[in-house]
Amino acid sequence: MPSIEPAMDPAGAPDAAAKPPLKILLAAPRGFCAGVVRAIDAVEQALKLYGAPVYVRHEIVHNKYVVEDLKRKGAIFVEELDEVPDTSAPVIFSAHGVPKSVPDEATSRKLFAIDATCPLVTKVHREAQVHFRKGRHILLIGHEGHPEVVGTIGQLPDGAFTLIETAEDARAVTPRDPDNLAYVTQTTLSLDDTAEMIAILRERFPTLSEPHKEDICYATTNRQEAVKAIAPKVDALVVVGAPNSSNSQRLREAAERAGCARAVLVQRAVDIDWTVFSSIASLGVTAGASAPEVLVEEIIDAFAERFAVTVETVTSTEEDVFFPLPRALRPDAAE
């Protein structure tokens, strides 16, 4: 078993020749998606146009590094609007979306609210509203308590949704009117898990109304497919992302299902448990949709301190999606 401790030459510097070799397969696409870029840019543009402070309800995205960076620039993060003083400063809603009660409260308090909800989450909200107007009960496939799910459920009156978290839920749900149903999904789920639940619901409820276009977002799909392409080829895989990031957790699960037994989620290099990587010759690396590329580079640098690293990028698809900033933050907004 090769040692992961770097050998030292007589002068005390690491001996590169003595490091065990490690081939890194870097998944592409990885990291920031268009919705995350838009949300982060929204906070930074608000700071530029209106100055500090800028208030942000909840984490703008699920990444501590990003949140701390924005705090240093003048953003103040709050859990609820009652933590925001009476102010003319912008108050930004996160990319995950919010219940209708939140913008309603902002309006009643005359706050300068800016909605940075990802347009793909907004699409799910609008689909749910259409189904509700047509009298359908809505099955929401998602994870209880996730901010996106809370925001989606909060678009409609109590009782409009039934949450489906597992295949067992899909088999057990007993709606009052089984012939008048629709489903929507959280955008950051596992493709495989969601497909299983949808198949069960379709079989049980043949008249089930479906989204016009898949709810799981393009970035979630692309990142999972990229992981599946490299997971069977490596001894271990690192997903750079936060533990409360749904799409990052799903990447780890996708890697395990695709054949990589040692798939781990880490936020920073300091979080790496090196005992997991004591005898590897190949490593996959990817990042969740809210993880910046600088953290991917940090992880690779950490491995390069212990291994003689070569890096190969494995591209499964190209992305060119762009979402414009909310209207209040476009360049002429402050004029």
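Guide: Let me begin with a term: the radius of gyration is taken over C-alpha atoms, and the globule rule is 2.2 Å times the number of residues to the power 0.38. This is a predicted model, in which local features need pLDDT of at least 70 and side-chain atom pairs count only at pLDDT 80 or more, while totals for chains, interfaces and linings use all residues. Residues are numbered from 1 along each chain as its sequence is written, and side-chain values use heavy atoms, with hydrogens and water left out.

Visitor: OK, so what radius of gyration does the chain have?

Guide: The chain has 22 Å, which agrees with the value near 20 Å that a compact globule of 335 residues would have. Along the principal axes, its C-alpha atoms fill a box of roughly 75 × 55 × 30 Å.

Visitor: And how many helices and strands are there?

Guide: The chain has 10 helices and 12 strands, where helices (H or I, at least four residues) and strands (E, at least two) are DSSP runs numbered from the N terminus.

Visitor: How much of the chain counts as buried?

Guide: Of the 335 residues, 50% count as buried, a word that means under 20% relative accessible area, with exposed being over 50% and partly exposed in between (1.4 Å probe, protein chains only).

Visitor: New topic: how many aromatic pairs does a search find?

Guide: A search of the whole structure finds 5 aromatic pairs. Rings of Phe, Tyr and Trp (its six-membered ring) pair if their centres lie within 6.5 Å, and planes under 30 degrees apart count as stacked, over 60 as edge-to-face and the rest as tilted. One of the pairs is Tyr50 with Phe112, which is edge-to-face at 5.2 Å centre to centre, with 85° between the planes.

Visitor: Which parts does that pair tie together?

Guide: Tyr50 lies in helix H1 (residues 34-50) and Phe112 in strand S5 (residues 112-115), so the pair joins parts that are 62 residues apart in sequence. Tyr50 is partly exposed at 32% relative accessible area, and Phe112 is partly exposed at 24%.

Visitor: What about Trp274 and Phe277?

Guide: Trp274 and Phe277 also form an edge-to-face pair, with 6.2 Å centre to centre and 65° between the planes.

Visitor: Are those two buried or exposed?

Guide: Trp274 counts as buried at 16% relative accessibility, and Phe277 is buried with a relative accessible area of 1%. Ring pairs link Trp274 and Phe277 with Phe303 and Phe307 into a cluster.
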